[in-house]
Amino acid sequence: MTEFSFDAPTVIRTKRDGGRLSDAAIDWVIDAYTRGDVGDEQMAALLMAIFLRGMDRDEIARWTAAMIASGERLDFADLRRDGQPLRLVDKHSTGGVGDKLTIPLVPVVAACGAAVPQAAGRGLGHTGGTLDKLESIPGFSAEIGKDRVRAQLTEVGAAIFAAGDLAPADRKIYALRDVTATTESLPLIASSIMSKKLAEGADGLVLDVKVGSGAFLKDPAESVALAQTMVDLGRAHGVPTRALLTDMAVPLGRTVGNAVEVAESLEVLAGGGPPDVVELTLQLAAEMLTLAGLDARDPADSLRDGTAMDSFRAIIAAQGGDLSQPLPVAAHSETVTAPVSGTMGDIDALAVGMAVWRLGAGRSRPGERVQAGAGIRIHRRPGEPVAAGEAVFTLYTDTPNRFAPAMAELTGAWSIGQSAPPSRPLIIERMSS
Ligand code: URA
């Protein structure tokens with residue numbers, strides 16, 4: 001490594017002024033930042049320059065490879081169940097509002113015979129993170145080592161874990177992006193997701209790429225480009241990758257937050273839950289099972305016969321979680337009621353995500369503790385009838401001075417009309433490598 005040829009100000013200036021970062025500059029800056037030789041303030045400046053100037057395909061590929069090289073790559077090829085190699089497959093979302101899908105999806109896919117090494121993330125910007133949600137389960141730990149991941153894959157078919165030694169550069173950069181307004185960038189999202197996923201040892205990958213106000217990239221054409229970029233990165237690394245472009249104009253389901261989303265996921269696993277969450281869970285499961293060569297079983301059966309719930313209980317118990325304990329409930333709540341009777345119109349996903357973040361479900365400083373009970377319950381989904389005075393939303397937080405800013409986010413973000421808003425397909429497009 002040509003350590004003495006680079007310095008952070010020059011690398012930052014190159015990108016700030018619209019130049020290309022060479023392969024060697026990318027390798028150097030990722031390695032130096034992971035080791036602590038490049039400071040957070042320097043990486044924050046570089047991330048903002050990338051946010052504003054972008055990166056070309058080759059820069060993204062190299063940035064992703066450098067992040068993979070910053071840590072170890074897991075390899076589960078030696079693992080066996082009943083004498084057979086495991087069928088390892090995983091999914092990742094580009095981030096949405098009310099997007100709790102990993103929680104029911106992983107046990108559904110495990111119940112159907114695949115093995116899921118799910119390296120999950122924490123909240124990012126206005127979107128929630130699977131780990132923050134699952135950590136609202138008393139005792140649950142995502143900080144498990146690779147030996148535990150290996151044992152769980154053979155014994156219970158899945159592990160949901162903090163990336164740890166996988167792509168440690170992404171762990172640091174992800175936390176920095178969360179608090180420096182640099183999340184909404186195609187190169188940074190693609191490299192963040194694919195570095196973790198390519199390092200985690202899955203043989204196939206399904207991506208849920210969000211489109212709409214609650215997605216990081218607001219322009220649908222950018223979401224398509226993001227999906228294509230990630231599918232190409234998967235192919236280049238020999239991992240068959242599919243992407244579903246899915247609607248994120250309105251929040252998914254009826255809950256947004258941490259513990260409230262776990263509770264809703266349990267409803268799905270019990271055979272109920274909101275239709276949009278169930279539909280997308282089953283579509284993603286079908287894609288994952290096809291990639292794993294296990295499409296003989298209808299994933300919906302695992303929700304009907306309780307095997308997905310059994311699988312979820314086993315995964316959570318293996319990671320120390322106690323589902324017999326009640327989930328945390330926020331100390332305070334406030335309800336928004338309907339001013340008139342009519343039909344609920346669209347609910348802006350970004351506004352709801354921001355409101356939930358303001359209630360304490362996300363972070364404004366690196367490493368901040370999130371509130372397990374913070375969140376919003378949506379009592380009326382778009383198209384549902386509502387009478388004047390009925391509850392439309394309930395907001396939850398432990399810190400009541402957060403209600404006013406959260407309410408302000410919701411102002412103008414929903415409406416009640418005389419007819420249902422036009423319906424949009426949940427699954428917009430499908431891409432595969
Ligand atoms: N998920 C990630 O892991 N990274 C992003 O940048 C966005 C969603």
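This is a predicted model: local features need pLDDT of at least 70, side-chain atom pairs count only at pLDDT 80 or more; totals for chains, interfaces and linings use all residues.
Me: What lies 2.8 Å from an oxygen atom of the ligand?

Reply: A polar side-chain atom of Arg177. His92 contributes too: an N or O atom in its side chain is 3.1 Å from an oxygen atom of the ligand.

Me: Which residues are around the ligand?

Reply: A residue is near a molecule or strand if one of its heavy atoms lies within 4 Å of it. Here the list is His92, Ser93, Thr94, Leu124, Tyr174, Arg177, Ile189, Ser192, Ile193 and Lys196.

Me: Take Lys196. Is it buried or exposed?

Reply: Buried means under 20% relative accessible area, exposed over 50%, partly exposed in between (1.4 Å probe, protein chains only). Lys196 has a relative accessible area of 4%, so it is buried. Lys196 sits in helix H9, residues 186–199. Helices (H or I, at least four residues) and strands (E, at least two) are DSSP runs, numbered from the N terminus.

Me: What is Lys196 in contact with, leaving aside neighbours within four places in sequence?

Reply: Contact means heavy atoms within 4.5 Å. The partners of Lys196 are His92, Ala163, Leu166, Ala167, Asp170 and Tyr174.

Me: What is the phi of Ala167?

Reply: Near 40 degrees, a positive value in a residue other than glycine. Ala167 is in the loop between strand S5 (158–162) and helix H8 (168–178). Ala167 is buried at 1% relative accessible area. Asp82 also has a positive phi, about 50 degrees, and is not a glycine. Asp82 is in the loop between strand S1 (80–81) and strand S2 (84–85). With 76% relative accessibility, Asp82 is exposed.

Me: How do I read a helix face, and why do the buried residues of H16 line one face?

Reply: An α-helix has 3.6 residues a turn, so residues three or four places apart point the same way. In H16 (residues 403–410), the buried residues are Phe403, Ala406 and Leu410. Seen down the axis, they fall within an arc of 70 degrees, so they line one face of H16. That arc is taken over the directions from the helix axis to the C-beta atoms. The buried residues of H16 pack against S9 (332–337), H15 (349–361), S11 (375–378), S13 (391–397) and S14 (414–417).

Me: Now a sheet. In what order do the 4 strands of the open sheet run?

Reply: Strands of a sheet pair through backbone hydrogen bonds, either parallel or antiparallel. Two strands pair if DSSP finds at least two bridges between them. The order is S3-S6-S7-S15, with mixed pairing. The edge strands, each pairing on one side only, are S3 (89–93) and S15 (427–432). S3 and S6 (residues 204–211) are parallel over 5 bridges. Lys91 has Val206 of S6 as its bridge partner.

How values were computed: Residues are numbered from 1 along each chain as its sequence is written. Side-chain values use heavy atoms; hydrogens and water are left out. A polar contact is a pair of N or O atoms within 3.5 Å; within protein, one must be able to donate a hydrogen and the other to accept it, and residues adjacent in sequence count only if both atoms are side-chain atoms.
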